[in-house]
Amino acid sequence: MSERYEILFDSGASIGAIVETSARFFEDHRLNDLAIPVRATSEGNPPAAEARFRLALPGAAALRERGAAIASAVAAEPLIGIDDGEQYSTPYAPTEEEFAAIEASGRPDAPYLLALDPDQFDDDLRGLTAPALRKRLSGDNTSSLTALEYLVVQRIMTAFYSDHRFDYYGTDVDNTRWMWLPDSTLGDKTFMGYWNPGKNRVELSMCRTGSKNVRKGAYRTTITAL
């Protein structure tokens with residue numbers, strides 16, 4: 001289990017510590033322009049302090065502009081400390097033009113905090129169409145992950161756990177975390193993501209909005225402006 005990003009999993013960490021560690025992640029992957037500077041006022045505990053994982057992100061527009069670079073940096077490059085069977089190969093991902101056209105709903109263009117519980121992949125979010133999932137999440141005043149958030153979080157989770165449990169694509173409901181990314185759309189399609197163990201790669205693709213599968217679910221997240 002990697003300790004480099006451990007503070008992101010500490011429910012008692014201050015905003016300043018979260019921002020600093022989040023910036024370190026982007027700098028580690030040569031994405032320095034996405035690192036948020038630590039602010040003197042970023043002290044104390046942010047909202048959603050009970051969440052088991054929190055990450056500071058630069059804003060939807062900045063992420064979208066660097067979509068293809070993010071995919072190359074976090075979903076393709078080797079990761080030290082994991083077994084060969086868990087190692088990354090070239091991902092299945094959108095083209096540079098498609099990344100630039102992705103619509104992200106419910107995300108500010110200013111820096112924000114993403115919070116989620118990586119152990120919470122609730123059965124009540126499985127087997128839904130994308131519209132039904134959005135309705136369920138909005139009723140709980142929560143969101144899920146966007147396509148670009150997924151790529152970043154997937155890498156951090158793999159570094160932390162030294163495996164792909166966060167988004168593993170299994171054959172049964174009990175061993176899969178194949179997920180909708182309902183806050184990211186391109187035209188009339190909604191994104192989904194997972195780790196394909198047969199091809200050792202991240203797969204970030206688009207799916208018909210009305211599609212559903214009992215194995216496909218989502219993580220609940222909360223979004224808070226910084």
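This talk covers the nonpolar cores and the cavity of a predicted model.

Ground rules first. Local features need pLDDT of at least 70, side-chain atom pairs count only at pLDDT 80 or more, and totals for chains, interfaces and linings use all residues. Numbering starts from 1 along each chain as its sequence is written, and side-chain values use heavy atoms, without hydrogens or water.

Start with packing. A nonpolar core here is a set of buried Ala, Val, Leu, Ile, Met, Phe, Trp, Tyr and Cys residues joined through side-chain atoms within 4.5 Å. Buried means under 20% relative accessible area, with a 1.4 Å probe and protein chains only. The largest core has 55 residues. Phe53, Ile70, Leu145, Leu151, Ile156 and Phe166 touch the most other members. Several elements each supply at least two residues, including helix H1 (15–28), helix H3 (67–74) and strand S4 (179–186). Helices are DSSP runs of H or I, at least four residues; strands are E, at least two. H6 gives the most, 11 residues.

Take Leu151. Leaving out residues up to four places away in sequence, Leu151 touches Ile70, Ala71, Val74, Ala75, Phe99, Val202 and Leu204. Contact means heavy atoms within 4.5 Å. Another core, of 11 residues, lies apart; Tyr194 and Cys207 are among them.

A cavity is a set of points on a 1 Å grid over the protein atoms alone where a 1.4 Å probe fits but cannot get out; lining residues have an atom within 4 Å of a point. How large is the largest cavity? Its volume is about 90 Å³. Its lining includes Arg64, Arg107, Tyr112 and Glu149. Helix H2 (60–65) and H6 each supply at least two lining residues.

Technical notes
Buried means under 20% relative accessible area, exposed over 50%, partly exposed in between (1.4 Å probe, protein chains only). On a 1 Å grid over the protein atoms alone, a cavity is a set of points where a 1.4 Å probe fits but cannot get out, and a pocket is an open set with protein on both sides within 12 Å along at least five of seven lines; lining residues have an atom within 4 Å of a point. Grid points are joined across faces, edges and corners, and a volume is the space filled by probe spheres set on the points.
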